[in-house]
Amino acid sequence: MSALIRLIDASKRYGDAAALHPTNLSIERGKTTVVIGPSGCGKSTLLRLIIGLIEPDSGSIEFDGTSVTADNVAALRRRIGYVIQEGGLFPHLTARANVVLMARHVGKSQEEMQSRLLELCELTRFSDNLLPRYPVELSGGQRQRVSLMRALMLSPQLLLLDEPLGALDPLVRAALQKDLKEIFARLRQTVLFVTHDLAEAIYFGDEIVLMNGGRIVQKGSVTDLREKPADPFVLEFINAQRGLASL
Amino acid sequence: MNRTKKGKQSGRSLPVSWVPHFLLIFSCVPVFLIHSSSAAEITIGSKKFTESYVLGEIAKRVLIDAGIPAKHREGMGGTIILWQALRGGQIDVYPEYTGTIAQEILKANRALSLDQIRDSLAKFGVAMTEPLGFNNTYALVMRRSQAQQLGVRTISDLRKHPELKIGLTHEFLDRQDGWQPLRERYALPQRNVIGIDHALGYSALANGSIDVKDAYSTDAKIEQNDLVALEDDLQFFPKYEAAFLFRLSMRPEAISALRRLEGTLDEKRMVRLNAEAERTKNYTRAADLYFERGAGLASGAGESFPQKLTRWTLRHLQLAGFSLLLSVIVGIPLGIVASRGGAIGQGILGFASVVQTIPSLALLALLVPLPFFGISIRTAIAALFLYGLLPIVRNTASGLQDIPRSLRESAIALGLSPTTRLWEIYLPMASRSILSGIKTSAVINVGTATLAALIGAGGLGEPILSGLNLNDHVTILEGAIPAAVLALLVQWLFDLLDRVLIPKGLRL
């Protein structure tokens with residue numbers, strides 16, 4: 001099975017600072033790949049390159065075997081679902097309107113949208129009574145569920161999550177982690193998940209990509225990271241997070 | 001108060017002595033509103049001071065008595081405005097003074113004979129009647145008591161009293177035949193010279209803030225305020241004989257009717273008519289005095305106050321509404337472009353800000369000479385439109401810029417097209433800011449539209465200007481109170497509109 005996403009020597013600079021050094025990375029189909037690392041390590045840059053919000057200064061990005069260009073990026077985006085930390089819901093639209101926004105624009109019928117909507121409500125455990133509400137009328141956890149529904153509405157090949165649980169309180173966060181994991185499994189969804197929390201990375205990640213200073217330091221399973229650290233930073237990072245957890 | 005003085009003032013139009021002048025202009029408003037005059041009707045213009053109003057009424061009366069339909073556009077503005085309106089055919093006749101014609105219209109730097117004036121005017125398709133019989137020239141006036149006490153009788157006598165405070169109209173200060181050459185001719189030593197509106201100058205003179213001011217020799221205020229005119233012992237001031245200017249193309253029977261007025265009005269009579277007009281504020285009645293018929297005139301007795309108020313208010317709303325609509329249509333797209341920043345965005349915001357800093361009168365005055373504009377409602381709408389632009393452009397730009405980057409990126413990442421992003425996401429999210437910009441513009445426009453009367457575009461500024469002109473507070477309030485009420489209503493209406501136009505999700 002070939003990789004869904006492939007970065008080939010892709011790099012990005014902002015002024016003098018390299019946000020991402022030339023990087024190679026493959027995201028496998030049907031798996032959850034977690035990108036982890038401290039703030040400013042380049043993980044957000046990586047994500048933004050993949051969804052085409054920014055273009056690489058050098059190298060290229062392939063999506064499903066096609067090189068991403070300015071011409072096809074708009075079409076490719078519809079094959080990617082994107083969830084950000086604060087949910088990214090549009091405040092002037094109801095939960096329902098947020099979810100069906102893109103489906104409406106690609107001309108889906110009302111029936112089609114309605115049945116997909118109910119399916120997603122069930123999948124994300126979101127009460128359809130809440131669909132007429134506006135984002136400000138929903139709790140943080142509910143907003144993230146709506147955001148997830150919006151991302152999944154058009155059955156994307158890839159789901160990108162940029163610290164989707166970062167702003168939630170611990171109880172809500174735990175519940176949502178569990179639901180997310182179930183959803184990914186049920187959909188056999190290819191997921192790229194960005195977090196700075198090691199426990200979360202271990203919980204979700206079939207594959208963990210540890211980044212630091214604009215480079216991928218190591219890619220592999222948790223066990224690989226723990227037992228065959230590629231670099232002293234890997235141990236340092238793991239131990240730092242562990243130390244906190246054991247308190 | 002202003003009646004006489006403006007007679008000669010020709011020139012420089014609005015910006016100069018703004019308060020009084022624009023008030024006067026207001027009176028012209030009605031004129032322009034109704035700009036389609038029937039072909040057969042003769043349109044008479046007048047400047048914004050009493051004597052010109054009265055002469056305009058007299059001309060109207062003599063034409064109507066001759067069976068020729070005529071209407072009078074009162075107080076359209078200063079010399080240049082009337083002259084351009086005459087050349088442009090918006091009016092057919094207006095009263096003017098020979099000195100003004102030579103100095104301000106023909107720009108001659110010496111005295112011209114009547115024949116020389118006629119020859120020069122003919123090139124513009126304009127003719128002049130014989131003088132009406134009085135010479136309304138400039139004069140310097142003082143309080144009678146002070147003049148007697150100091151022994152000042154002539155302008156030369158002023159040399160002995162360098163401490164006297166002089167207050168002159170802005171026009172007189174700047175005229176070619178005004179203060180500078182006068183001071184040189186008489187070698188006057190006074191350095192304490194201020195510019196002051198004509199009407200306010202009389203009050204200043206009365207309370208001693210100034211001691212000497214300029215006036216017109218037929219000004220009824222001179223006698224009313226117990227002032228004396230100083231003798232022009234060096235014959236500095238040119239002659240300002242009143243006559244009617246008219247278009248050569250005017251129908252012959254109208255010309256001959258007008259000519260019946262030649263040589264029939266001496267100074268004393270004119271002073272009496274001016275005084276009557278000032279006293280009663282009824283120019284038609286003053287004109288009737290000329291015809292020595294005390295009563296029963298047919299001509300436009302007038303609208304009732306509710307009718308006038310309706311007319312002013314409708315015009316006011318028309319001015320503010322049209323200009324606001326234009327500001328919205330142009331301002332929102334400009335704001336969208338400006339929100340993207342860069343040199344173009346900076347340029348747009350810079351331009352809109354600069355326009356805002358131009359005083360409204362100056363902006364009106366700048367637009368008047370442009371071909372398409374002139375003295376018309378178009379000019380007023382254009383000026384109001386420019387004023388209304390900045391709040392809308394700025395609020396549109398800042399409303400869009402305030403949308404969090406994460407939401408912009410969500411819209412992009414979702415795959416929405418740029419057009420959809422703008423219309424369905426960005427503009428609705430910026431709607432509160434955009435609407436508040438529109439509201440600011442609307443309130444500014446309702447307020448500033450009172451200045452439109454200055455260039456004859458009408459509205460609630462009309463009574464304000466007339467009131468200022470006549471120093472009549474009740475008339476001022478007739479315009480000022482409705483204008484304030486209108487501004488409040490507009491504010492309230494937009495508050496209601498917020499509820500309709502701002503998406504509910506943004507109001508929770």
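At what angle do helix 3 and helix 12 of chain B pack, and how far apart are their axes? Helix 3 (residues 50-65) and helix 12 (residues 252-259) of chain B pack at an angle of about 125°, and their axes are 9 Å apart. Helix 3 of chain B is therefore oblique to helix 12 of chain B. Axes are lines fitted to C-alpha atoms, for helices over the stretch in contact, and angles between N-to-C directions run from 0 to 180 degrees. Angles under 35 degrees count as roughly parallel, over 145 as roughly antiparallel, 65 to 115 as roughly perpendicular, and the rest as oblique.

The model is predicted: local features need pLDDT of at least 70 and side-chain atom pairs count only at pLDDT 80 or more, while totals for chains, interfaces and linings use all residues. Residues are numbered from 1 along each chain as its sequence is written, and chains are lettered from A and ligands numbered from 1 in the order in which they are written. Helices (H or I, at least four residues) and strands (E, at least two) are DSSP runs, numbered from the N terminus.

The crossing of helix 3 and helix 12 of chain B is right-handed. A crossing is left-handed if the near helix is turned anticlockwise from the far one by less than a right angle, and right-handed if clockwise. A59(B), V62(B) and L63(B) of helix 3 meet A254(B), A257(B) and L258(B) of helix 12. Contact requires C-beta atoms, placed from the backbone, to lie within 7 Å. By class, this contact has 6 nonpolar, no polar and no charged residues. Ala, Val, Leu, Ile, Met, Phe, Trp, Tyr, Cys and Pro count as nonpolar, Asp, Glu, Lys and Arg as charged, and the others, Gly among them, as polar.

The axes of helix 21 (residues 431-448) and helix 23 (residues 473-501) of chain B come within 9 Å and cross at roughly 165°. The two helices are therefore roughly antiparallel to each other. Their crossing is right-handed. Helix 21 contributes residues including L435(B), V443(B) and V446(B), and helix 23 contributes residues including L486(B), V490(B) and F494(B). The classes here are 11 nonpolar, 3 polar and 2 charged residues.

Chain A holds an open sheet of 6 strands in the order 6-7-8-3-9-10, with mixed pairing. Strand 6 (80-84) and strand 10 (215-220) of chain A each have a single partner strand, so one side of each is left without a neighbour in the sheet. Neighbouring strands of this sheet are turned by 15° against each other on average, direction ignored. Two strands pair if DSSP finds at least two bridges between them. Strand 7 (residues 158-162) and strand 8 (residues 190-195) of chain A run parallel and are joined by 5 bridges. L160(A) stands opposite L192(A) in strand 8 of chain A.

An open sheet of 4 strands in chain A has the order 2-1-4-5 and antiparallel pairing. Its edges are strand 2 (17-28) and strand 5 (66-67) of chain A. Strand 1 (residues 3-14) and strand 4 (residues 58-63) of chain A pair in the antiparallel sense over 5 bridges. I5(A) stands opposite F63(A) in strand 4 of chain A. Helix 1 (residues 43-50) of chain A lies across strand 1, strand 2 and strand 4, running at about 120° to strand 1 of chain A.

The chains also meet. The contact takes 18 residues from chain B and 21 residues from chain A. On the chain B side, helix 19 (405-414) and helix 20 (418-429) each supply at least two residues. Helix 19 of chain B gives the largest share of that side, 7 residues. The chain B side divides into 11 nonpolar, 5 polar and 2 charged residues.

Definitions and conventions: Contact = placed C-beta atoms within 7 Å.
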